[in-house]
Amino acid sequence: MARNVAAAIEHVTVCQRQSYCLRFAAPKLRERIKSMSTLLPPEHAKAIAAFDQVQRTRLVFGNGSAANAGELIAELGLKRILLVTDPGLIRAGHVAKLCAVLETAGLEVVLFDSVIENPTTECVERCRRIAEESKVDSFLGLGGGSSMDTAKGANFLLTNGGRMQDYWGVGKAQKEMLPLIVIPTTAGTGSECQSFALISDAETHQKMACGDPKAAARIAILDPELTLSQPRNVTACTGIDAIAHAVETAVTNKKNELSWMFSKEAFGLLMPHFPTVLNHPDDLNARGSMLLGAAMAGCAIEASMLGAAHSTANPLTAHYDIVHGQAVGMMMPHVVRFNAEDCEAREAYAELAVIGKLIQSRTGDEPTEHLAKRLIQLLEMADMPVMLKASGVEESMLPTLAVEAAEQWTANFNPRVAGQAEMETIYRAAF
Ligand SMILES: [Fe+2]
């Protein structure tokens, strides 16, 4: 195992042990800990509060680790699991292999293989119905963010009832949910480390972020070998998305010490290995770094949320069907330049530029520009359009896109206020 990967895993393990102590304290004690933290100096209060927000998913990482899925799941005492995936994963042979492993461990497997890209409320409802009819005791999401989010969404509905819209926001599930295990096959969304499911309203096309700590996976199995089957464009789009997660979480107004640690770790793993996975797709060490980096960026999102690059990307996907990673990638350099007016954001970007070895030191105004230019180069390396015009976006649509971008949930967390006017400025810079 590469040293950087081993160090990063150790980081997560330590953080999770700490958070475990706080989470499982008795309610009265938790209250006392909380009130004690109000007496602390602000920097200590901020630092300790971060630990109560870390997600509690067990990360199992390693080449071939998916072969241990049966034993890991059986350890939880589960008997009948709904495998949630898409037809591409069946064609790639991953589903058959995984089913064999699960059945050898004595698990009954029910299959839902109709996950669609950007899953809708309808898709989630279909999945819920299968889960209910087959009386499963757990969910297994295999695939990209869409499979994992569909499994999370169906789990919300099965255990807590109602419609997906009822869970838009944070902490709306009253009852316990079934155990969820996830096995990502792309290195991108970081959904494996988040308690959020991104589900589109089938009627309004609004993307709803539905989050609850109970929705987080019990176990995420990160097996780099499973990511070898991604086509180049999927590797590119998901990789750029993961890098954008590291950059956006580094500067939001929700950022804390722990999320910052994850953002830096993620950026350090992702940046040097992105060109490698594009040019040498069979390089398992680079694939491992991307997979782990994407998961770390997912950990960062859990506390820090995202910012204006995601706010401006979503309307591009809704109106022009531009793939999420490409949309975020085109917007990211311009959001970095926009946010660099904020002193703290500029500092954080400079530190990322050093971590990503884009510059030697973080002095002067240049670091931000180095970062913005590097983000543009990532698109070029992946043979993707850099500007909106080249992607078919019409100039006349920019005001409409700006209205919608300003209404996105993620806009609330951008370090600089980003309303309709600011969003239009960012779109024009990217046009
Ligand atoms: Fe994203």
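Two residues are in contact if their C-beta atoms, placed from the backbone, lie within 7 Å. This is a predicted model: local features need pLDDT of at least 70 and side-chain atom pairs count only at pLDDT 80 or more, whereas totals for chains, interfaces and linings use all residues. Numbering starts from 1 along each chain as its sequence is written.

**Figure 1. Overview of the protein, with 17 helices and nine strands.** Helices (H or I, at least four residues) and strands (E, at least two) are DSSP runs, numbered from the N terminus. Among contacts between residues at least 6 apart in sequence, 78% join residues at least 24 apart. Of the 431 residues, 50% count as buried. A residue is buried if 20 or more other C-beta atoms lie within 10 Å of its own, exposed if 12 or fewer, and partly exposed in between.

**Figure 2. The largest nonpolar core, with 128 residues.** Such a core is a set of buried Ala, Val, Leu, Ile, Met, Phe, Trp, Tyr and Cys residues joined through C-beta atoms within 7 Å. Ile81, Ile243, Ala246, Leu270, Ala295 and Met331 have the most contacts inside it. Twelve residues come from helix α11 (residues 284–304), which gives the most to this core. Domain 2 (53–225) and domain 3 (230–430) both contribute residues, so the core lies between them; the domain bounds come from an automatic or database domain assignment.

**Figure 3. Surroundings of Leu270.** Not counting residues up to four places away in sequence, Leu270 touches Ala242, Ile243, Ala246, Met290 and Gly293.

**Figure 4. The buried and exposed sides of helix α6 (residues 94–104).** His94, Val95, Leu98 and Leu102 are buried. Seen down the axis of α6, these buried residues fall within an arc of 90 degrees, so they line one face of the helix; the arc is that of the directions from the helix axis to the C-beta atoms. They pack against α4 (69–74), β2 (80–84), α5 (87–91), β3 (108–112) and β4 (138–143). The face turned away from the buried side carries the exposed residues Ala96, Glu103 and Thr104. Just after α6, Gly106 takes a positive phi of about 90 degrees.

**Figure 5. Glu265 in helix α10 (residues 257–279).** Glu265 is buried because 24 other C-beta atoms lie within 10 Å. Gly293 is 28 residues apart from Glu265 along the chain, and their C-alpha atoms are separated by 7.1 Å.

**Figure 6. Glu366 in helix α15 (residues 366–381).** With 14 other C-beta atoms within 10 Å, Glu366 is partly exposed. The C-alpha atoms of Glu366 and Ala350 are separated by 8.3 Å, and these residues are 16 apart along the chain.
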